[in-house]
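Q: I have just opened this structure and would like to go through it step by step. Could we begin with what its side chains do?

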Amino acid sequence: MRTSLQVRLSLTLSVAILVVAVVAGAFSFMTAFDEANELQDDVLRQVAALVDRQGLPASGERLDSRPADGDEESRVLVQRLGTVALDRRPVDAGGPLLLPDSLADGLQTQTVDGEKFRVLVRTRPTGERFVVAQESGFRDQIARDGALRTVLPFLVLVPILLVITADLVRKVFRPVTALAAEIDRRQRADPHPVDLTPLPIEVRPFAVAINGLLERVRDSMAAQQRFVADAAHELRSPMTALSLQAERLAQADLEEVAASRLADLRRGIDRSRGLLEQMLALAKAQSEPQATPATASLVRVVTDVLQDLMPLVDAKAIDIGVSAVDDVIVPVSELEATLIVRNLVDNAIRYTPPGGRVDIAIEQREGEGEGEVVFVVRDSGAGLSPDEIQRVFDPFYRVPGSGQPGSGLGLTIVKAVADRHGFRLSASSGASENFPGLSVEVHLATSAAGRYPQNPFPGENS
């Protein structure tokens, strides 16, 4: 189970706050409750002192401090102790408190007629004894109300404190979250170091370790790219020489068997030269992680690529359909735009059977974002399985059993250029009944539009 340090810290602080709040609230409640009862005991003492000065009521009478329209539970009763009361009415009906004469002086709690009373027994200098009493239920209610008012700030402020704590923890971890998001947004070939300035001291060792790893990755990628570029460059001259020698040999008078083997040799040399050219293009596409500012006319690039590939199209009698919005200027150099278009179209032509169809489209799609154009190439070749779709952009991968010549680097080069510029690239199979083969989409952000007519490809099928 994955755990979040931020969630764990928030929960721990929240539990600690709740425990402290409960303990503090209970202590505050009990303290306030005891103080309220003590204050009400002082009221009884003050009444007793007043009775000492002013004298007791007549024998058998009871003083009741409750107003005529007041709550009977709030009354303070004053009566003699040790006299026989002739009034046998209940206390609530105005009768006297039936207390034993043996009560000791001082504060105590007595039960009369099923009700608890707080009683203060006092003896005057003349020897007369009297009691000052009040119902305990009313006293406890007053004490509870006062105690609850002291706990009320805890009930209001603790939930607010929990929300503030969670928000503070989230803000404290914001640099870490931003660091993770910044690294996640990077392209694969973008290993520049992490900026340590906004990071807290506790996170910097982790970021320093990431920078060390990124530096090692950058060095490894650079060494790999140099090796590929150097190897392809070094092999380029010998392959050119072999090609020239094969052409000269083909001009000689050879027997039929030798001529057939020479033709096989020339085809192998051509495939090797094509592979070297693709390796050089891939090394160039991967050599600069940061894309340089440049623009290119996408429609013009498509026009030039189709002119170059037309002999291959005619040889396989392929029906090419082209549709486009008004011309768009894409933020990529003309060389890189050519790499994308040429490799996608060349791949579609090679894997489309003779007499098949290839569709090229430059579409402005609603909901794709303002100024975003999608370059689409789809063909009527054999469909691909989901596993094959996942691997079509891998270097040197070729669909098993296709029998088509090629290096397996065309779509890899397209992906390398797309990654450099942050273009979204997707592949699928069976886009429609007419195009059951591979369909590749490149989502391009455009910088300008509108210099060519709706169909800028006269003479092409659309």
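Q: Where do D346 and R350 lie?
A: D346 and R350 both belong to helix 7 (residues 334–350), 4 residues apart, which is about one turn of the helix. Helices here are DSSP runs of H or I with at least four residues, strands are runs of E with at least two, and both are numbered from the N terminus. The model is a predicted one: local features need pLDDT of at least 70, side-chain atom pairs count only at pLDDT 80 or more, and totals for chains, interfaces and linings use all residues. Residues are numbered from 1 along each chain as its sequence is written, and side-chain values use heavy atoms, with hydrogens and water left out.

Q: What do D346 and R350 form?
A: D346 and R350 form a salt bridge, with the closest N and O atoms 2.8 Å apart. The term stands for a side-chain nitrogen of Lys or Arg within 4 Å of a carboxyl oxygen of Asp or Glu.

Q: Why can such side chains pair?
A: Side chains of opposite charge can pair when their charged atoms come close.

Q: And is D346 buried or exposed?
A: D346 is buried, because its relative accessible area is 17%. R350 has 27% and is therefore partly exposed. Buried means under 20% relative accessible area, exposed means over 50%, and partly exposed is in between (1.4 Å probe, protein chains only).

Q: How many salt bridges are there by this rule?
A: The count comes to 14 salt bridges.

Q: Which residue does R139 form a salt bridge with?
A: The partner of R139 is D41, and their closest N and O atoms are 2.5 Å apart. This pair links distant parts of the chain, since R139 is in helix 2 (residues 136–172) and D41 is in helix 1 (residues 5–54), 98 residues apart. R139 and D41 are both buried.

Q: Helix 1 again, then. Which residues are linked in a network with D42?
A: E38, D42 and R45 are linked in a network of salt bridges. Within it, the side chains of R45 and D42 meet at 2.6 Å, N to O. Both R45 and D42 lie in helix 1, 3 residues apart, or about one turn of the helix. R45 is partly exposed because its relative accessibility is 33%, and D42 is likewise partly exposed at 29%.

Q: At what angle do helix 1 and helix 2 pack?
A: The angle is about 165°, and the axes of helix 1 and helix 2 are 8 Å apart. That makes helix 1 roughly antiparallel to helix 2. Axes are lines fitted to C-alpha atoms, for helices over the stretch in contact, and angles run from 0 to 180 degrees between N-to-C directions. Angles under 35 degrees count as roughly parallel, over 145 as roughly antiparallel, 65 to 115 as roughly perpendicular, and the rest as oblique.

Q: What kinds of residues make up the contact of helix 1 with helix 2?
A: They divide into 22 nonpolar, 10 polar and 5 charged. Nonpolar covers Ala, Val, Leu, Ile, Met, Phe, Trp, Tyr, Cys and Pro; charged covers Asp, Glu, Lys and Arg; the others, Gly among them, are polar.

Q: Changing topic: how many aromatic pairs does the count come to?
A: The count comes to 1 aromatic pair. The ring centres of F29 and F33 are 6.2 Å apart and their planes are at 20°, so the pair is stacked. Rings of Phe, Tyr and Trp (its six-membered ring) pair if their centres lie within 6.5 Å; planes under 30 degrees apart count as stacked, over 60 as edge-to-face, and the rest as tilted. F29 and F33 are 4 residues apart in helix 1, about one helical turn. F29 is partly exposed at 22% relative accessibility, whereas F33 is buried at 16%.

Q: Now the loops. What is the phi of A317?
A: A317 has a positive phi of about 50°, although it is not a glycine. Most residues other than glycine have a negative phi. A317 is placed in the loop between helix 6 (298–315) and strand 7 (319–324), and it is exposed, with a relative accessible area of 53%.

Q: And where is L103?
A: L103 lies in the loop between strand 2 (76–81) and strand 3 (106–112). At 9% relative accessibility, L103 is buried.
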